[in-house]
Amino acid sequence: MLSKSNLEEIQALDKNRNIIRSKTGGWRVGEGVYSHGYSMLDELVGKKSYFQIMILNATGKLVERNLADWIEAIYGCLSWPDPRIWCNQIGALAGESKTTAAAATTAGILAADSKMYGSYPVIEGATFIQSALKQFNNGLSVKDIIDNNIKSNRGKLKIMGYARPIANGDERIEAMERVTQELGFDKGSHLTLAYEIEEEIKQRFNDGMNINGYVTAFLSDHKFSAHEAYQLFSTLVASGVTACYLETLHKPSDSFLPLRCDDIEYNGVEPRSIE
């Protein structure tokens, strides 16, 4: 005898049995291909840029060309062909192992999907600046917002989008500020507040905004949610990973960052015999 919950589960499975329901789109054989209500072959291909189509697929929004160009520019800012970068090291090691470009690049993308670095922290950065603007509009000062953050983090400032572990400042912001101006964008309320927060942090902690803070504030001004902003960047590091894969693909095996045992500084328990 099936329980009520088991019966409901079976009914739910039967409802979707042999059927794929999609609100995103699909291919209607002999008719066309659709994405979020747009005919890809008639309305998108050759008429909209690849990044406009990518953003549509990722968020359901068909944005203007200048915004798609802005997002394309940030892809260029955040995918460097430097094998020292964590995700690019994966690509380089994959090249040394003579795997395929697709496997190497996919592995590098997965390595960048971390809460500490890569594309995933975009969620936290966007969540912060969107919440901060609501607090600001409700009467809190920039100083209050920062003080509340410090209190909630046991006396330490911890705001995603500010500070940088290796360098002070972020040269990528200057490049994107130039792109923003060239593409004709005004500074919105989220980005304006982001700069005000940066100024307060500079005065009190001698630190500033990083590219996460700039990007998430800009995208928030263009009505992207935190998760939509993250979805835009799922393949962000791909080109840099592929470049580092190709760098090592034609080199001899074991030539990328080889280590000797004495290259490792061991600080553990002293050697001991096993009886």
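Helices (H or I, at least four residues) and strands (E, at least two) are DSSP runs, numbered from the N terminus. The model is predicted: local features need pLDDT of at least 70, side-chain atom pairs count only at pLDDT 80 or more, and totals for chains, interfaces and linings use all residues. Residues are numbered from 1 along each chain as its sequence is written, and side-chain values use heavy atoms, without hydrogens and water.

**Exercise 1.** Locate Thr-235 and state whether Thr-235 is buried, partly exposed or exposed.

Solution.
- Step 1: Thr-235 sits in the loop that joins α12 (226-232) to α13 (238-249).
- Step 2: buried means under 20% relative accessible area, exposed over 50%, and partly exposed in between (1.4 Å probe, protein chains only).
- Step 3: Thr-235 is partly exposed, because its relative accessibility is 35%.

**Exercise 2.** Find the contacts of Thr-235, leaving aside its neighbours within four places in sequence.

Solution.
- Step 1: contact means heavy atoms within 4.5 Å.
- Step 2: with those neighbours left aside, Thr-235 touches Tyr-75 and Ile-109.
- Step 3: from Thr-235 to Pro-252 the C-alpha distance is 29 Å, at a separation of 17 residues in sequence.

**Exercise 3.** Describe the sheet formed by three strands.

Solution.
- Step 1: two strands pair if DSSP finds at least two bridges between them.
- Step 2: the sheet is open, with antiparallel pairing and the order β1-β2-β3.
- Step 3: β1 (25-28) and β3 (38-39) are at the edges with a single partner strand each, so one side of each has no neighbour in the sheet.
- Step 4: four bridges join β1 to β2 (residues 32-35), and Gly-25 has Ser-35 in β2 as its bridge partner.
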